[in-house]
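Please view the sequence and the model shown below before reading on.

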Amino acid sequence: MRIAIASGKGGTGKTTVATNLAQVAAADGLAVAYLDCDVEEPNGHLFLKPTIERQQPIDKLLPVVDLTRCTFCGRCSQVCRYGAIACVNIQVLVFAELCHSCGGCILACPADAMREAPKPIGELRQGMAGPIQFIEGRLNVGEAMSPPAIRAVKAASAKADLTILDCPPGTSCPAIEGIRGSDLVLLVTEPTPFGLNDLKLAVEMVRVLKIPMAVVLNRCDIGDDQVRQYCENQRITILAEIPDDRAVAEAYSRGHLACDTIPSFAGHIRALLKRLSNGTTQ
Amino acid sequence: MKELIVISGKGGTGKTSVVASLATLAGRCVLVDCDVDAADLHLIFEPKVIRREDFTGGGKARIKPGNCTACGKCEELCRFNAIYFDGPSNGRVARTFRVETTACEGCGVCVDYCTENAIEFGPAICGQWFVSETRVGPMVHAKLGIAADNSGKLVTQIRRAATEIAMKQQIDLILCDGSPGIGCPVIASLTGASLALFVVEPTVSGIHDFLRVAQLAARLDVPGLLAVNKADLNIQTTEEIEAAAVKHGIVPVGRIPYDREVTHSQIARKTVVEGSDDPAAQAIRAMWADVKRHLQRVAASEAGGLVQIQL
């Protein structure tokens, strides 16, 4: 089973749920893979503390022009929908940050003067966190496009009983790339106006992708009842309600897995795991 | 005209609550919600929309099932796994190809190489942006369509609109609420801003993510200030974050204590400083005096001159 942990709003507890769920499931004897798809700000390693065994660059393909063959006809620049290539007099300029690596310019070049060369945009790190397979993507600072790095993380994952994808916040391309192809999306939210507003956006996003979903209501006692009402109206199952607990927040602040030291919290995560394996979702 | 962007790296550290409070304290400013795919600032200010514009992003491909011969060329060439072989029958072939819009990045390669002219391609409306009136001044905000892309382009668009409004109405401060991460909307928010205020929480992930976005700001030549939110959750980490900030030339301007009033204000649709004079509100007031001083010394916003690029 592949479970994507997502949320519209940031900071609602995605990584807390994802890492603790991985830990509890692994302790239960399941083969667990944890994939950190939040490549802009990957945090899972701070809690799972994996031993990294393999590191390799995540590349993006960029066009390279062979100037001895180029006739400066400008065809590459005309076909590029991203404005990533300019052909001026006897120069061809490639703007790496605008290029989506679609390969259109390579196909279009009538002089066979273009090929593609990899340019690193990030790093793929793989290893083990105890029994948990750990895979993380890490986008280089200054790179604008995270989806290629997220695709690299997902492509690297091995088979497991439970694959947990810790996804980036938001509802645009990075979030979508993270959750695409999963069996279930767990939306982590909190009972506040911001939490509700962003949950609604996330629900719409998941519906567009036609993936089953459920909600985890984190810090369930800090706000009002609007999220519960919304979920009820929309027939979305709330799989766990986790109370606000300063001890959990302090464990988090230090990089500890709360399930290791706080029994009440571990109980909520174990109950969540049980409900997930029973398949109680929308 | 100065432009302050509130940013954090990690999500949920309190950016929007801080922006809303600073806007109240500033008296009059132009507010911009750059978190276009999960915007929340409007929940506090209940803006009255006075102008509404469609936002057109890049193109999207669409296969006309009637013309598709199921040759599979589009699927072969698409690098984004956006072509699915599950389109309707058209009498000649049992199944046709279909473009999954949420995966299409608008490169147009499939269109260029379809021998049957079966693929349409055109700019897609992928959101809306608004100019509104609020109790603290004009606000420019947006709603990116569900599962749409081009968030960076939309951010540049609304920042430019905010600059025009500020000039026309002679307002000398633009206050932007940023988005989490370090990718395209964040780059689009930071580029050309006068000053960044990093709102960071004292956790291992807070500091980790702050250092990455601080590196990005430095690369874009945007000077920075630091506010540690929920600072009392872990004083030792708060001190580490402040020390790291100083090392990167970022000036600590305040510690905001954990205060349940922050959530209560949000539920009451008020800014923290409107809602109460509790510890968090007091800390934000004190911080604002410092932020104002720094704003006088930094460069004017360059958002008005930004070229809109497509990402």
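## Overall form of chain A

Within chain A, 74% of the contacts with a separation of 6 or more are between residues 24 or more positions apart, a contact being heavy atoms within 4.5 Å. Chain A contains eleven helices and eleven strands; these are DSSP runs numbered from the N terminus, with helices (H or I) of at least four residues and strands (E) of at least two. The C-alpha trace of chain A spans about 70 × 40 × 30 Å along its principal axes.

Of the 282 residues in chain A, 59% count as buried. Buried means under 20% relative accessible area, exposed means over 50%, and partly exposed lies in between (1.4 Å probe, protein chains only).

## Basis of the values

This is a predicted model, in which local features need pLDDT of at least 70 and side-chain atom pairs count only at pLDDT 80 or more, while totals for chains, interfaces and linings use all residues. Residues are numbered from 1 along each chain as its sequence is written, chains are lettered from A and ligands numbered from 1 in the order in which they are written, and side-chain values use heavy atoms, with hydrogens and water left out.

## The interface of chains A and B

In the contact between the two chains, 64 residues of chain A meet 65 residues of chain B. About 5400 Å² is buried between chain A and chain B, and carbon and sulfur atoms give 55% of this area; buried area is the accessible area (1.4 Å probe) that two parts lose on being put together, summed over both. R81(A), V141(A) and F194(A) supply 15% of the area that chain A buries against chain B, more than any other three residues.

Across this interface there are 35 residue pairs in polar contact, both at pLDDT 80 or more. A polar contact is a pair of N or O atoms within 3.5 Å; within protein, one must be able to donate a hydrogen and the other to accept it, and residues adjacent in sequence count only if both atoms are side-chain atoms. On the side of chain A that touches chain B, α7(A) gives the most, with nine residues. The residues of that side divide into 27 nonpolar, 19 polar and 18 charged, where Ala, Val, Leu, Ile, Met, Phe, Trp, Tyr, Cys and Pro count as nonpolar, Asp, Glu, Lys and Arg as charged, and the others, Gly among them, as polar.

## Salt bridges

Over all chains, the structure holds 27 salt bridges, each defined as a side-chain nitrogen of Lys or Arg within 4 Å of a carboxyl oxygen of Asp or Glu. Five salt bridges are found across the interface of chain A and chain B. The side chains of R79(B) and E116(A) form a salt bridge at 2.9 Å, N to O.

Within chain A, E190(A) and R219(A) form a salt bridge whose closest N and O atoms are 2.7 Å apart. This pair links distant parts of the chain, 29 residues apart: E190(A) is in the loop between β9 (184-189) and α7 (193-209), and R219(A) is in the loop between β10 (213-218) and α8 (226-233). E190(A) counts as buried at 9% relative accessibility, whereas R219(A) is partly exposed at 23%. In chain B, R159(B) and E3(B) meet in a salt bridge at 2.7 Å, N to O. R159(B) in helix α5 (residues 151-168) and E3(B) in strand β1 (residues 2-7) are 156 residues apart. R159(B) is buried at 0% relative accessibility, and E3(B) is buried, also with 0%.

## Two buried residues of chain B

K60(B) lies in strand β3 (residues 48-63) of chain B and is buried, with a relative accessible area of 14%. A polar atom of the K60(B) side chain lies 3.0 Å from the backbone oxygen of T101(B). Leaving out residues up to four places away in sequence, K60(B) touches several residues, including C104(B), E120(B) and D149(B).

T96(B) is found in strand β5 (residues 96-99) of chain B and counts as buried at 0% relative accessibility. The side chain of T96(B) reaches the backbone oxygen of P88(B) at 2.7 Å.
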